[in-house]
Amino acid sequence: MTRLLIGKDGFTLPIELVTSTQAILARKRSGKSYTASVQAEELLRHKQQIATIDPTGAWWGLRSSAAGDGPGYPVVVFGGDHADAPLEPHAGRMLATALVEHGFSAIFDVGLMVTEDQIRFTSDFASELLRINRTALHLFIDEADTFAPQLTENRGQKVCLGTVSRLVKQGGVRGVGVTMITQRPADINKKVLSQVDILTVLRMSHPLDIKAATDWIKSEVSVEFAGEVESALPSLPVGSAFFCSASLGIGQRVEVRERETFNSGATPKPGERQQLPKVLAPIDIEQLGREIADSARHAQENSPEFLRQRIADLERRGNRILPDSSIELAKLQAEIGKLRPAAEAAAGYRIKLHESNEFRKDVLQELQALIAKLEHHGEVEPASVSEMRTPQELPLKFPPRPVMVPRTITEASAADHASDAENPVSTSEQKILDALASLEAVGVTAPSKTQLAAFAGYSNPKSGGFAAPVAALIRKGLAGSSGGKATLTAAGRSVANMPNRPAIFTD
């Protein structure tokens with residue numbers, strides 16, 4: 001059986017930690033994130049996928065070796081001071097989709113966000129992860145009392161508590177394990193804490209924090225061991241931890257082994273300046289950008305909101321057709337009527353169809369497919385859509401949908417030098433427009449030139465190969481620039497391959 005090496009004395013945990021739930025409790029600077037990082041190293045070493053919600057900005061060191069002179073693990077860092085890619089508060093669902101679809105490991109550094117935005121991102125991310133994940137993945141949530149508090153202060157925090165609680169309780173059957181890390185054990189939600197499989201406790205001194213830990217140990221392990229932990233916690237050396245689990249049959253004090261990756265969470269000593277790693281595990285930023293754009297498009301086109309809008313568009317189109325030709329769609333209207341209130345306005349329409357049977361079949365087939373997708377999302381009660389049949393004697397024809405074709409970062413063309421009149425957008429300019437569109441799709445509406453260059457595939461944002469086409473786009477009114485940031489204009493959107501542009505019918 002594969003084991004994860006955690007302790008200096010050879011103490012191990014089973015590989016099944018990846019789908020288990022855990023809480024790591026300790027006062028600040030006692031080694032709680034360090035202990036979690038050791039576990040993350042072991043999971044990554046055994047090719048397991050991890051993700052981290054990091055409000056501390058201390059997890060990025062997984063990318064480098066302990067001495068900083070060699071690569072660590074290829075974990076993508078979103079947001080923070082060491083970002084590979086930007087992170088926006090409303091990108092939680094989209095990034096969960098990207099994580100599940102493409103299988104990479106990631107750190108989501110939310111430390112530069114205000115608390116409300118941290119909560120929004122985490123709530124959306126956890127909710128979507130629980131909905132779509134089906135393979136083994138472990139999520140570390142640092143400062144977990146922010147996202148699963150004992151006392152909620154606003155609606156956003158209440159929603160986030162509910163989401164995290166469901167993930168802890170139900171995530172295992174979807175392949176998601178969760179580790180909650182906090183320096184405020186008294187403030188983390190006790191119902192959520194009661195659901196964990198493993199409790200790891202480091203030094204604590206406040207009576208309420210100690211009580212939160214020992215109450216769990218009394219219930220899950222033994223009263224005697226809880227007493228031993230209670231007496232030892234106030235003076236427990238940094239790096240020592242009690243691992244407690246009824247399901248694993250352990251109640252043991254462990255000296256956590258040293259990290260193999262860079263300790264980016266170490267507190268600098270007075271007068272000391274932290275030396276940053278010289279070598280990081282490589283990340284293919286070009287491929288990452290394509291994957292994020294693909295996931296953004298996929299998430300958009302399969303979202304209930306998009307599907308509701310698609311039905312409304314189809315009904316409006318059908319309502320404009322000649323009124324002297326119609327068919328009864330009572331079953332279909334009944335299904336549409338079961339949609340949530342945002343779509344219920346469509347239920348009163350009777351779709352009036354063109355005399356062309358071919359057109360009628362197109363519209364009906366599209367609505368059938370959309371309703372099937374909505375059933376998958378739980379937006380309508382399952383129904384026998386197959387009963388709504390189209391004439392079998394005519395072939396179905398669907399209008400073409402616009403598709404964004406990925407462009408390689410190395411393509412160059414003589415068209416770059418053509419005049420604006422003959423060639424309004426060169427290959428390089430199109431590449432940059434498409435990068436702006438991909439970033440805008442995930443909520444980054446004004447990326448820095450450095451971010452834009454990276455997503456467009458340029459290694460140097462100051463190079464003429466990048467700066468010249470950007471200047472040309474600004475001159476043509478397709479892009480804007482202010483304070484070192486680039487924006488996509490309305491004219492630019494009409495030229496860019498927009499990844500989230502809805503596919504629509506035209507009459």
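Pro86 is buried, because its relative accessible area is 17% and the cut-off for a buried residue is under 20%. The model described here is a predicted one. Pro86 sits in the loop that runs between strand 5 and helix 2.

Leaving aside residues up to four places away in sequence, Pro86 touches Phe78, Gly79, Leu439, Val444, Gln451 and Phe455. Among these, Phe78 belongs to strand 5, which covers residues 76–78. Leu439 lies in helix 13 and Phe455 in helix 14. Pro86 can also be placed relative to Asp109: the two are 23 residues apart in sequence, and their C-alpha atoms are 9.6 Å apart in space.

In what order do the nine strands of the open sheet lie? The order is 5-6-4-7-8-3-9-10-11, and the pairing is mixed. Strand 5 and strand 11 (250–255) are the edge strands, as each pairs on one side only. From one strand to the next, the twist averages 15 degrees.

Strands of a sheet pair through backbone hydrogen bonds, and the pairing is either parallel or antiparallel. The antiparallel sense is found between strand 10 (residues 240–245) and strand 11, which pair over six bridges. Within this pair, Cys244 has Gly251 of strand 11 as its bridge partner.

## Helices on the sheet

Helix 2 packs on the sheet and touches strand 4, strand 5, strand 6 and strand 7 (137–141). The direction of helix 2 makes about 170 degrees with that of strand 6.

Helix 4 (residues 155–170) also packs on the sheet. The strands touched by helix 4 are strand 3 (21–25), strand 7 and strand 8 (176–182). With the direction of strand 8, the direction of helix 4 makes about 125 degrees.

Strand 5 and strand 6 pair in the parallel sense over three bridges. Strand 5, helix 2 (residues 92–102) and strand 6 together make a right-handed β-α-β unit. Strand 6 also pairs with strand 4 (residues 49–54), again in the parallel sense, over four bridges. Here the bridge partner of Thr52 is Ile107 in strand 6. Strand 4 pairs in the parallel sense with strand 7 as well, over five bridges, and His138 of strand 7 is the bridge partner of Ile50.

In a regular strand the side chains alternate between the two faces of the sheet. Which residues of strand 4 are buried on each face? Gln49, Ala51 and Ile53 are buried on one side, and Ile50, Thr52 and Asp54 on the other. Six of the six residues of strand 4 are therefore buried, each being under 20% relative accessible area. Strand 6 (residues 106–109) is likewise covered on both faces: Ala106 and Phe108 are buried on one side, Ile107 and Asp109 on the other.

## Packing around helix 13

Two packed helices are described by the angle between their axes and the distance between the axes. Helix 13 (residues 427–441) packs against helix 14 (residues 449–456) at an angle of about 110 degrees, and the axes are 9 Å apart. Helix 13 is therefore roughly perpendicular to helix 14, a term that applies from 65 to 115 degrees. On the helix 13 side the residues in contact are Lys431, Ile432, Ala435, Leu436 and Leu439; they meet Leu452, Phe455 and Ala456 of helix 14.

Helix 13 also packs against helix 15 (residues 464–475), with an angle of about 80 degrees and axes 9 Å apart. This angle makes helix 13 roughly perpendicular to helix 15 too. Helix 13 contributes Ser428, Glu429, Ile432 and Leu433 to the contact, while helix 15 contributes Phe466, Pro469, Val470, Ala472 and Leu473. Ile432 takes part in the contact with helix 14 and in the contact with helix 15.

## Cysteines

A disulfide is a covalent bond between the sulfur atoms of two cysteines. How many disulfides are counted in this model? With a cut-off of 2.5 Å between cysteine sulfur atoms, the count is zero. Cys160 is buried because its relative accessibility is 0%. Cys244 also counts as buried, at 0% relative accessibility.

Key: Residues are numbered from 1 along each chain as its sequence is written. This is a predicted model: local features need pLDDT of at least 70, side-chain atom pairs count only at pLDDT 80 or more; totals for chains, interfaces and linings use all residues. Side-chain values use heavy atoms; hydrogens and water are left out. Buried means under 20% relative accessible area, exposed over 50%, partly exposed in between (1.4 Å probe, protein chains only). Helices (H or I, at least four residues) and strands (E, at least two) are DSSP runs, numbered from the N terminus. Two strands pair if DSSP finds at least two bridges between them. A crossover is right-handed if, with the strands pointing away from the viewer, the path from the first strand over the helix to the second runs clockwise. Axes are lines fitted to C-alpha atoms, for helices over the stretch in contact, and angles run from 0 to 180 degrees between N-to-C directions. Angles under 35 degrees count as roughly parallel, over 145 as roughly antiparallel, 65 to 115 as roughly perpendicular and the rest as oblique. Contact means heavy atoms within 4.5 Å.
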